[in-house]
Amino acid sequence: MDQVIIFAHQNYSALDSFFISNKIQKVFLVHTKSFLNFKISKYFASLKEKLGIDIVSFTNFHPNPDYDSVVEGEKLFRETNCDCIIAVGGGSSIDVAKCIKLYMGLDNNKLFFEQVPIPNDIKLIVAPTTAGTGSEATRYAVIYYKGEKQSITHDTCIPSEVIFDSAFLHTLPDYQRKSTMLDALCHSLEAYWSVNSTAESKTFSEKAINIILENLDSYLRNEEKGNYNMLMAANLAGKAINITQTTAGHAMCYKLTSMYGIAHGHAAALCVNKLWPFMVNNTQKSNDARGKEYLDNMFSQLAQIMGCKSVKEATVKFSSILQKLNIEIPNVKNVDDFDMLKISVNPVRIKNNPIKLTEEDINILYHQILRNKN
Ligand SMILES: [Fe+2]
(Lines give C-alpha, C1' and ligand atoms only; values in the text may rest on other atoms or scores of the structure.)
Protein backbone atom coordinates (compact mmCIF):
# COMPACT_ATOMS: atom_id res chain seq x y z
CA MET A 1 0.00 0.00 0.00
CA ASP A 2 1.28 3.46 -0.87
CA GLN A 3 2.44 5.60 1.98
CA VAL A 4 0.22 8.65 2.58
CA ILE A 5 1.97 12.01 2.99
CA ILE A 6 0.39 14.57 5.31
CA PHE A 7 1.71 18.10 4.78
CA ALA A 8 1.63 19.89 8.11
CA HIS A 9 1.37 23.43 6.77
CA GLN A 10 1.10 26.14 9.41
CA ASN A 11 -2.03 25.15 11.36
CA TYR A 12 -1.80 21.34 11.06
CA SER A 13 -5.36 21.17 9.67
CA ALA A 14 -4.39 18.19 7.47
CA LEU A 15 -3.64 16.28 10.68
CA ASP A 16 -7.05 17.22 12.10
CA SER A 17 -8.65 15.74 8.97
CA PHE A 18 -6.54 12.60 9.30
CA PHE A 19 -7.59 12.03 12.92
CA ILE A 20 -11.26 12.70 12.19
CA SER A 21 -11.48 10.52 9.09
CA ASN A 22 -9.69 7.63 10.80
CA LYS A 23 -11.80 8.01 13.99
CA ILE A 24 -8.65 8.24 16.13
CA GLN A 25 -9.47 8.59 19.86
CA LYS A 26 -6.15 7.82 21.52
CA VAL A 27 -2.64 8.39 20.16
CA PHE A 28 0.52 6.62 21.31
CA LEU A 29 3.17 9.29 20.80
CA VAL A 30 6.83 8.22 20.67
CA HIS A 31 9.25 11.11 21.01
CA THR A 32 12.36 12.46 22.73
CA LYS A 33 12.52 15.50 25.02
CA SER A 34 13.49 17.78 22.11
CA PHE A 35 9.95 17.30 20.80
CA LEU A 36 8.83 20.00 23.24
CA ASN A 37 10.94 22.57 21.35
CA PHE A 38 8.89 22.09 18.20
CA LYS A 39 5.67 23.76 17.19
CA ILE A 40 3.96 20.42 16.61
CA SER A 41 4.13 19.66 20.38
CA LYS A 42 1.65 22.49 21.00
CA TYR A 43 -0.62 21.01 18.35
CA PHE A 44 -0.63 17.63 20.11
CA ALA A 45 -1.21 19.34 23.48
CA SER A 46 -4.34 20.98 22.03
CA LEU A 47 -5.86 17.78 20.64
CA LYS A 48 -7.81 16.80 23.79
CA GLU A 49 -9.65 20.08 23.89
CA LYS A 50 -10.03 20.42 20.13
CA LEU A 51 -10.95 16.89 19.01
CA GLY A 52 -11.28 14.94 22.29
CA ILE A 53 -8.16 12.88 21.45
CA ASP A 54 -6.07 11.50 24.33
CA ILE A 55 -2.29 11.32 24.05
CA VAL A 56 -0.13 8.65 25.70
CA SER A 57 3.50 9.78 25.53
CA PHE A 58 6.35 7.30 25.44
CA THR A 59 9.80 8.78 25.96
CA ASN A 60 11.67 6.13 27.95
CA PHE A 61 14.40 5.28 25.43
CA HIS A 62 17.84 6.55 24.46
CA PRO A 63 19.78 7.01 21.21
CA ASN A 64 20.69 3.52 19.93
CA PRO A 65 17.54 2.27 21.72
CA ASP A 66 17.73 -0.95 23.66
CA TYR A 67 15.37 -3.89 23.48
CA ASP A 68 14.02 -3.31 27.02
CA SER A 69 12.68 0.10 25.96
CA VAL A 70 10.80 -1.53 23.10
CA VAL A 71 9.35 -4.17 25.47
CA GLU A 72 8.20 -1.41 27.83
CA GLY A 73 6.72 0.57 24.92
CA GLU A 74 4.88 -2.45 23.50
CA LYS A 75 3.38 -3.19 26.96
CA LEU A 76 2.25 0.42 27.44
CA PHE A 77 0.76 0.53 23.94
CA ARG A 78 -1.21 -2.68 24.58
CA GLU A 79 -2.42 -1.64 28.04
CA THR A 80 -3.54 1.84 26.99
CA ASN A 81 -5.54 0.64 23.96
CA CYS A 82 -4.27 3.38 21.68
CA ASP A 83 -5.57 3.52 18.09
CA CYS A 84 -2.31 4.43 16.40
CA ILE A 85 1.40 5.04 16.94
CA ILE A 86 2.97 8.36 16.00
CA ALA A 87 6.74 8.85 16.12
CA VAL A 88 8.20 12.34 16.00
CA GLY A 89 11.96 12.52 15.76
CA GLY A 90 15.05 11.02 14.21
CA GLY A 91 16.38 7.49 14.12
CA SER A 92 15.74 6.34 17.70
CA SER A 93 12.09 7.46 18.00
CA ILE A 94 11.27 5.99 14.61
CA ASP A 95 13.04 2.68 15.30
CA VAL A 96 11.30 2.28 18.68
CA ALA A 97 7.90 3.02 17.12
CA LYS A 98 8.52 0.56 14.28
CA CYS A 99 9.47 -2.20 16.72
CA ILE A 100 6.46 -1.57 19.01
CA LYS A 101 4.19 -2.05 16.01
CA LEU A 102 6.14 -5.07 14.74
CA TYR A 103 6.08 -6.88 18.08
CA MET A 104 2.37 -6.42 18.83
CA GLY A 105 0.59 -9.72 19.36
CA LEU A 106 3.76 -11.77 19.99
CA ASP A 107 4.45 -13.93 23.07
CA ASN A 108 5.98 -11.59 25.66
CA ASN A 109 7.50 -14.50 27.58
CA LYS A 110 9.98 -15.01 24.74
CA LEU A 111 12.36 -12.64 22.99
CA PHE A 112 10.37 -10.72 20.39
CA PHE A 113 13.11 -10.67 17.77
CA GLU A 114 13.40 -14.47 17.87
CA GLN A 115 9.71 -14.88 16.93
CA VAL A 116 8.06 -14.64 13.54
CA PRO A 117 6.19 -11.31 13.49
CA ILE A 118 2.45 -11.32 12.88
CA PRO A 119 1.67 -8.57 10.33
CA ASN A 120 -0.88 -6.05 11.63
CA ASP A 121 -2.54 -2.95 10.26
CA ILE A 122 -1.97 -0.65 13.24
CA LYS A 123 -1.45 2.82 11.83
CA LEU A 124 2.14 3.98 12.22
CA ILE A 125 2.61 7.65 11.43
CA VAL A 126 6.08 9.17 11.37
CA ALA A 127 7.16 12.80 11.40
CA PRO A 128 10.89 12.92 10.52
CA THR A 129 12.73 15.87 12.08
CA THR A 130 15.50 15.94 9.46
CA ALA A 131 15.49 15.55 5.68
CA GLY A 132 17.98 12.73 5.37
CA THR A 133 17.70 9.22 6.75
CA GLY A 134 14.52 8.30 4.89
CA SER A 135 13.84 5.94 7.79
CA GLU A 136 10.18 6.95 7.60
CA ALA A 137 10.00 5.08 4.27
CA THR A 138 11.85 1.88 5.11
CA ARG A 139 11.26 -1.55 6.62
CA TYR A 140 14.50 -1.34 8.60
CA ALA A 141 15.03 -0.68 12.31
CA VAL A 142 17.96 -1.15 14.65
CA ILE A 143 17.74 -1.91 18.37
CA TYR A 144 20.31 -3.24 20.84
CA TYR A 145 19.90 -6.33 23.00
CA LYS A 146 22.50 -6.60 25.80
CA GLY A 147 24.69 -4.20 23.79
CA GLU A 148 24.44 -6.23 20.58
CA LYS A 149 23.00 -4.70 17.47
CA GLN A 150 19.81 -6.32 16.17
CA SER A 151 18.99 -5.34 12.59
CA ILE A 152 15.27 -5.69 12.03
CA THR A 153 13.82 -5.92 8.51
CA HIS A 154 10.09 -6.38 8.05
CA ASP A 155 7.42 -4.82 5.82
CA THR A 156 5.20 -4.32 8.89
CA CYS A 157 7.71 -1.64 10.00
CA ILE A 158 6.94 0.61 7.02
CA PRO A 159 4.95 3.59 8.28
CA SER A 160 1.47 3.98 6.78
CA GLU A 161 1.58 7.80 6.92
CA VAL A 162 4.34 10.41 6.98
CA ILE A 163 4.01 13.93 8.31
CA PHE A 164 6.15 16.52 6.52
CA ASP A 165 6.60 19.52 8.78
CA SER A 166 9.20 21.99 7.55
CA ALA A 167 9.18 23.71 10.97
CA PHE A 168 11.53 20.93 12.18
CA LEU A 169 14.17 22.07 9.72
CA HIS A 170 14.04 25.79 10.59
CA THR A 171 16.32 25.47 13.61
CA LEU A 172 18.50 22.64 12.35
CA PRO A 173 22.21 23.54 12.71
CA ASP A 174 23.96 24.16 9.41
CA TYR A 175 26.27 21.15 9.64
CA GLN A 176 23.35 18.79 10.35
CA ARG A 177 21.36 20.36 7.53
CA LYS A 178 24.18 19.66 5.06
CA SER A 179 25.07 16.19 6.29
CA THR A 180 21.49 14.90 6.39
CA MET A 181 20.92 16.14 2.83
CA LEU A 182 24.13 14.38 1.75
CA ASP A 183 22.85 11.19 3.39
CA ALA A 184 19.72 11.39 1.21
CA LEU A 185 21.80 12.09 -1.90
CA CYS A 186 24.06 9.09 -1.17
CA HIS A 187 21.00 6.88 -0.59
CA SER A 188 19.62 7.82 -4.00
CA LEU A 189 22.96 7.30 -5.78
CA GLU A 190 23.79 4.03 -4.03
CA ALA A 191 20.28 2.68 -4.66
CA TYR A 192 20.63 3.61 -8.33
CA TRP A 193 23.85 1.64 -8.81
CA SER A 194 23.02 -1.20 -6.36
CA VAL A 195 22.99 -4.73 -7.80
CA ASN A 196 19.48 -4.95 -6.27
CA SER A 197 18.15 -1.98 -8.27
CA THR A 198 14.83 -2.37 -10.09
CA ALA A 199 12.91 -0.11 -12.47
CA GLU A 200 10.87 1.06 -9.46
CA SER A 201 13.87 1.80 -7.22
CA LYS A 202 15.57 3.68 -10.08
CA THR A 203 12.48 5.85 -10.53
CA PHE A 204 12.58 6.74 -6.81
CA SER A 205 16.33 7.48 -7.06
CA GLU A 206 15.95 9.62 -10.16
CA LYS A 207 13.16 11.70 -8.63
CA ALA A 208 15.15 12.14 -5.40
CA ILE A 209 18.32 13.24 -7.22
CA ASN A 210 16.39 15.72 -9.38
CA ILE A 211 14.65 17.24 -6.36
CA ILE A 212 17.90 17.49 -4.37
CA LEU A 213 19.81 19.20 -7.18
CA GLU A 214 16.95 21.57 -8.00
CA ASN A 215 16.31 22.56 -4.39
CA LEU A 216 19.78 22.49 -2.88
CA ASP A 217 20.25 26.27 -2.81
CA SER A 218 16.76 26.98 -1.50
CA TYR A 219 17.22 24.31 1.18
CA LEU A 220 20.60 25.74 2.21
CA ARG A 221 18.95 29.17 2.50
CA ASN A 222 16.44 27.53 4.87
CA GLU A 223 13.48 28.45 2.67
CA GLU A 224 10.10 26.80 3.07
CA LYS A 225 10.08 25.48 -0.50
CA GLY A 226 13.58 23.99 -0.23
CA ASN A 227 12.81 22.43 3.14
CA TYR A 228 9.60 20.74 1.99
CA ASN A 229 11.19 19.50 -1.19
CA MET A 230 14.17 18.10 0.69
CA LEU A 231 11.82 16.19 3.02
CA MET A 232 10.22 14.75 -0.12
CA ALA A 233 13.60 13.87 -1.67
CA ALA A 234 14.81 12.12 1.50
CA ASN A 235 11.57 10.13 1.58
CA LEU A 236 11.95 9.06 -2.07
CA ALA A 237 15.59 8.11 -1.45
CA GLY A 238 14.37 6.09 1.56
CA LYS A 239 11.88 4.30 -0.70
CA ALA A 240 14.75 3.50 -3.08
CA ILE A 241 16.99 1.95 -0.39
CA ASN A 242 13.97 0.16 1.02
CA ILE A 243 14.14 -1.89 -2.19
CA THR A 244 17.89 -2.06 -2.78
CA GLN A 245 19.66 -1.44 0.56
CA THR A 246 22.83 0.65 0.49
CA THR A 247 26.20 -0.30 -1.04
CA ALA A 248 29.93 0.18 -0.39
CA GLY A 249 29.58 3.94 0.22
CA HIS A 250 27.59 3.24 3.35
CA ALA A 251 29.51 0.08 4.27
CA MET A 252 32.71 2.14 4.35
CA CYS A 253 31.31 5.18 6.15
CA TYR A 254 30.26 3.82 9.54
CA LYS A 255 33.76 3.50 10.98
CA LEU A 256 34.66 7.01 9.77
CA THR A 257 31.84 8.35 11.93
CA SER A 258 32.98 6.50 15.05
CA MET A 259 36.72 7.18 14.50
CA TYR A 260 36.58 10.83 13.48
CA GLY A 261 33.30 12.00 15.04
CA ILE A 262 31.82 13.20 11.76
CA ALA A 263 28.11 12.98 10.91
CA HIS A 264 26.78 9.94 9.07
CA GLY A 265 25.85 11.80 5.86
CA HIS A 266 29.20 13.61 5.86
CA ALA A 267 31.05 10.28 6.11
CA ALA A 268 28.89 8.62 3.45
CA ALA A 269 29.49 11.50 1.02
CA LEU A 270 33.28 11.34 1.52
CA CYS A 271 33.18 7.63 0.65
CA VAL A 272 30.86 8.02 -2.35
CA ASN A 273 33.08 10.83 -3.63
CA LYS A 274 35.99 8.41 -4.14
CA LEU A 275 34.01 5.21 -4.71
CA TRP A 276 32.05 6.56 -7.67
CA PRO A 277 35.05 7.50 -9.90
CA PHE A 278 36.73 4.21 -8.94
CA MET A 279 33.67 2.26 -10.04
CA VAL A 280 33.12 3.96 -13.40
CA ASN A 281 36.74 3.11 -14.26
CA ASN A 282 36.44 -0.53 -13.19
CA THR A 283 33.20 -1.80 -14.69
CA GLN A 284 35.07 -4.87 -16.00
CA LYS A 285 35.04 -6.01 -12.34
CA SER A 286 31.24 -6.24 -12.47
CA ASN A 287 29.52 -7.70 -9.45
CA ASP A 288 26.12 -7.25 -11.07
CA ALA A 289 24.52 -10.22 -12.86
CA ARG A 290 23.48 -7.77 -15.61
CA GLY A 291 27.18 -7.45 -16.61
CA LYS A 292 29.70 -4.79 -17.68
CA GLU A 293 27.64 -3.38 -20.56
CA TYR A 294 24.69 -2.84 -18.24
CA LEU A 295 26.95 -1.06 -15.72
CA ASP A 296 28.43 1.26 -18.37
CA ASN A 297 24.92 2.18 -19.54
CA MET A 298 23.67 2.56 -15.98
CA PHE A 299 26.51 4.95 -15.07
CA SER A 300 25.81 6.96 -18.26
CA GLN A 301 22.12 7.19 -17.37
CA LEU A 302 23.05 8.27 -13.84
CA ALA A 303 25.27 11.01 -15.31
CA GLN A 304 22.33 12.24 -17.40
CA ILE A 305 20.12 12.32 -14.30
CA MET A 306 22.84 14.46 -12.67
CA GLY A 307 22.50 16.82 -15.67
CA CYS A 308 25.94 15.83 -17.03
CA LYS A 309 27.22 14.76 -20.45
CA SER A 310 29.66 12.14 -19.19
CA VAL A 311 30.18 9.83 -16.22
CA LYS A 312 33.37 11.75 -15.37
CA GLU A 313 31.49 15.05 -15.35
CA ALA A 314 28.90 13.56 -12.97
CA THR A 315 31.55 12.47 -10.47
CA VAL A 316 33.19 15.91 -10.69
CA LYS A 317 29.80 17.53 -10.10
CA PHE A 318 29.37 15.47 -6.93
CA SER A 319 32.84 16.57 -5.72
CA SER A 320 32.01 20.19 -6.45
CA ILE A 321 28.88 19.92 -4.28
CA LEU A 322 31.05 18.76 -1.37
CA GLN A 323 33.47 21.65 -1.99
CA LYS A 324 30.62 24.13 -2.13
CA LEU A 325 29.33 22.82 1.20
CA ASN A 326 32.84 23.06 2.74
CA ILE A 327 32.69 19.42 3.72
CA GLU A 328 35.86 18.77 5.70
CA ILE A 329 38.19 15.84 5.08
CA PRO A 330 39.44 14.36 8.37
CA ASN A 331 43.16 13.98 8.98
CA VAL A 332 44.38 10.48 9.67
CA LYS A 333 45.31 10.30 13.36
CA ASN A 334 47.44 7.20 13.15
CA VAL A 335 48.69 4.97 10.32
CA ASP A 336 46.99 2.04 12.06
CA ASP A 337 43.66 3.74 11.28
CA PHE A 338 43.75 2.25 7.78
CA ASP A 339 44.01 -1.30 9.15
CA MET A 340 41.05 -0.71 11.45
CA LEU A 341 39.05 0.89 8.65
CA LYS A 342 39.52 -1.83 6.09
CA ILE A 343 38.37 -4.60 8.44
CA SER A 344 35.31 -2.59 9.53
CA VAL A 345 33.48 -2.93 6.23
CA ASN A 346 30.28 -5.02 6.28
CA PRO A 347 30.67 -7.74 3.60
CA VAL A 348 26.88 -7.94 3.06
CA ARG A 349 26.76 -4.31 1.91
CA ILE A 350 29.82 -4.87 -0.28
CA LYS A 351 27.88 -7.64 -2.03
CA ASN A 352 25.29 -5.02 -3.06
CA ASN A 353 28.02 -2.98 -4.72
CA PRO A 354 28.06 -3.11 -8.52
CA ILE A 355 31.86 -3.43 -8.65
CA LYS A 356 33.76 -6.15 -6.80
CA LEU A 357 35.98 -4.60 -4.15
CA THR A 358 38.98 -6.43 -2.71
CA GLU A 359 40.43 -5.59 0.68
CA GLU A 360 43.24 -3.81 -1.17
CA ASP A 361 40.75 -1.73 -3.22
CA ILE A 362 39.08 -0.69 0.03
CA ASN A 363 42.44 0.20 1.54
CA ILE A 364 43.32 2.34 -1.52
CA LEU A 365 39.94 4.08 -1.35
CA TYR A 366 40.38 4.93 2.35
CA HIS A 367 43.79 6.42 1.51
CA GLN A 368 42.07 8.63 -1.07
CA ILE A 369 39.16 9.53 1.23
CA LEU A 370 41.22 10.72 4.19
CA ARG A 371 43.90 13.38 4.47
CA ASN A 372 47.10 11.59 5.40
CA LYS A 373 49.84 13.74 6.85
CA ASN A 374 51.72 10.79 8.38
FE1 LIG B 1 22.46 6.69 5.39
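Two strands pair if DSSP finds at least two bridges between them. Strands here are DSSP runs of E with at least two residues, helices are runs of H or I with at least four, and both are numbered from the N terminus.

**Ground rules.** I am working with a predicted model, where local features need pLDDT of at least 70, side-chain atom pairs count only at pLDDT 80 or more, and totals for chains, interfaces and linings use all residues. Residues are numbered from 1 along each chain as its sequence is written, and side-chain values use heavy atoms, with hydrogens and water left out.

**Hairpin.** I started with tyrosine 140, which sits opposite threonine 153 in strand 7. Six bridges pair strand 6 (residues 140–145) with strand 7 (residues 148–153) in the antiparallel sense. The two strands make a hairpin with two residues between them, and I noted a positive phi of about 50 degrees at lysine 146 in the turn.

Next I looked up the open sheet of six strands, and found parallel pairing in the order 1-8-5-4-2-3. Its edges are strand 1 (4–7) and strand 3 (54–58), each pairing on one side only. Inside the sheet, strand 4 (residues 84–89) runs parallel to strand 5 (residues 123–128), joined by six bridges. I checked one partner there: alanine 87 bridges to valine 126 in strand 5.

**Iron site.** Which protein donors does the iron ion have? I found Asp183 (OD), His187 (NE2), His250 (NE2) and His264 (NE2), lying 2.1 to 2.2 Å from the ion. Donors are N, O and S atoms within 2.8 Å of the metal (3.2 Å for Na, K and Ca); water is not among the atoms, so sites may look incomplete. The spacing of the donor residues in sequence reads D-x3-H-x62-H-x13-H. Histidine 187 lies in helix 6 (residues 174–193) and histidine 250 in helix 9 (residues 248–260), so this pair ties together parts 63 residues apart in sequence. Both histidine 187 and histidine 250 are buried (under 20% relative accessible area, with a 1.4 Å probe and protein chains only).

**Helix pair.** Last, I took helix 7 (residues 199–220) and helix 11 (residues 291–305), which pack at about 35 degrees with axes 10 Å apart. Axes are lines fitted to C-alpha atoms, for helices over the stretch in contact, and angles run from 0 to 180 degrees between N-to-C directions. Lys202, Glu206, Ile209, Asn210 and Leu213 in helix 7 meet Tyr294, Met298, Leu302 and Ile305 in helix 11, where contact means heavy atoms within 4.5 Å.

Notes
Buried means under 20% relative accessible area, exposed over 50%, partly exposed in between (1.4 Å probe, protein chains only).
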